[in-house]
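Hello,

Here is the structure I said I would pass on. My notes on it follow below.

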Amino acid sequence: MVKRNRENKTLGDLLKDFVDDNKLDKKGLDQVKITEVWNSQMGPAIEKYTTGIILKNNTLFVQLSSSVLREELSYGREKIIRMMNEEMGKKVVEKLVLR
């Protein structure tokens, strides 16, 4: 029989414990969250030109349909990485590749 811990925890704390115990962070949750963070941080104008976002081995690959926008964003690469990591709450993105 399983002995239960009787301390009061919030649902958020329980979910975080579950994710940490099962090592689910890298597999899918960060990928889903990074897409949401990109769209919220970059705004609707850039979201409109974003056709794909993939997080692989701490590298964020962002596919854009506008070459002009891709060039403009490349100048702020370090700021974008810092902004994304701050919003994620941990260092997830080390490199940004704009395609």
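The side chains of K90 and D30 form a salt bridge, with 3.5 Å from N to O. A salt bridge here is a side-chain nitrogen of Lys or Arg within 4 Å of a carboxyl oxygen of Asp or Glu. K90 sits in the loop between α4 and β3 and D30 in helix α2, so the pair ties together parts 60 residues apart in sequence. Helices (H or I, at least four residues) and strands (E, at least two) are DSSP runs, numbered from the N terminus. D30 is buried at 5% relative accessible area, while K90 is partly exposed at 34%. Buried means under 20%, exposed over 50%, and partly exposed in between (1.4 Å probe, protein chains only).

This is a predicted model: local features need pLDDT of at least 70, side-chain atom pairs count only at pLDDT 80 or more, and totals for chains, interfaces and linings use all residues. Residues are numbered from 1 along each chain as its sequence is written, and side-chain values use heavy atoms, without hydrogens and water.

The count of salt bridges is two. K9 also pairs with D17, the closest N and O atoms being 2.9 Å apart.

T59 lies in strand β2 (residues 59–64) and is buried, at 12% relative accessibility.

Regards
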